[in-house]
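Please look over the chain shown here.

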Amino acid sequence: MDLPRIHYRLQHAKLHIDADLGKYDIQQPRPTFEMKRIDPKLDIRQPRGDLQVDASKAWDALAHGGNLEMMHRIYSSARNVAMDGIARIVENGNKLAAIHLGGEPIADNAQEGLAGFPEMDYAGPASYDNVDITYTARKAEIEVTPGRIEFNTKVNNPIVEYNRGKMEIYMKQYPNVEMIPPQIDMKV
């Protein structure tokens, strides 16, 4: 004998998940970089040199020197001038004493007397090196300030943005159980 059977139809639940991944937007700004150049400095100062010119020997050689030197020269040569004067007087006297030899000693003596006092050398010695020149150079004053470059660097943080993706979860198919009863034979 056949037993009646109950049939059933089963439908499983179906979930639908629609998900998109999130997106990261990352930007890395370049670092801020500033460079400043400071120029070098060079200061040069040149003090004037010292020039000394001593022309006293040259003026002395031209008989325009100082009175002290001239008087000293006269004083130191006075003895020789006096001795030369005495020698000239003696020589004139000897010429007059030799009048018997002939000539005109009196006229010659008079003519020599007109020439005047014999010149004294009041001037100093003449030389090509009578002017003394002394030059004292001064060193240049040099001050150097070195230049440099100043860097100012700043690292910028990254800019991170996250955009969530969509997330949808819903029932695409609900669960279902369908029971099918057996056919009952009512004829019995």
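How far apart are the mean positions of the positive and negative charges of the protein chain? They are 22 Å apart, for 23 positive and 27 negative charges. Lys and Arg count as positive and Asp and Glu as negative, while His and the chain ends are not counted; a charge is placed at NZ of Lys, CZ of Arg, CG of Asp or CD of Glu.

This is a predicted model, in which local features need pLDDT of at least 70 and side-chain atom pairs count only at pLDDT 80 or more, while totals for chains, interfaces and linings use all residues. Residues are numbered from 1 along each chain as its sequence is written, and side-chain values use heavy atoms, with hydrogens and water left out.

**Overall shape**
- The protein chain has three helices and twelve strands, taken as DSSP runs numbered from the N terminus (helices H or I, at least four residues; strands E, at least two).
- Its C-alpha trace spans about 225 × 25 × 25 Å along the principal axes.
- The radius of gyration is 69 Å, whereas a compact globule of 188 residues would have one near 16 Å (over C-alpha atoms; the globule rule is 2.2 Å times the number of residues to the power 0.38).

**Surface and contacts**
- Of the 188 residues, 9% are buried (buried is under 20% relative accessible area, exposed over 50%, partly exposed in between; 1.4 Å probe, protein chains only).
- The protein chain exposes about 17400 Å², 56% of it from carbon and sulfur atoms (Shrake-Rupley method).
- Among contacts (heavy atoms within 4.5 Å) with a separation of 6 or more, 93% join residues 24 or more positions apart.

**Aromatic pairs**
- There are two aromatic pairs (ring centres of Phe, Tyr or Trp, its six-membered ring, within 6.5 Å; planes under 30 degrees apart are stacked, over 60 edge-to-face, the rest tilted).
- One of them, Tyr 24 with Tyr 162, is tilted because the planes stand at 45 degrees, with centres 4.8 Å apart.
- This pair links strand E3 (residues 23–27) to strand E10 (residues 159–163), its members being 138 residues apart.
- Tyr 24 is exposed at 60% relative accessible area, and Tyr 162 is partly exposed at 45%.

**Two loop residues**
- Asn 130, in the loop between helix H3 (105–114) and strand E7 (132–136), is buried at 9% relative accessible area.
- Beyond four places in sequence, Asn 130 touches Asp 54, Lys 57, Ala 58, Ala 61 and Pro 125.
- Gly 147, in the loop between strands E8 (141–145) and E9 (148–154), is partly exposed at 37%.

Note on methods. Accessible areas come from the Shrake-Rupley method with a 1.4 Å probe; for residues, only the protein chains shown count as cover.
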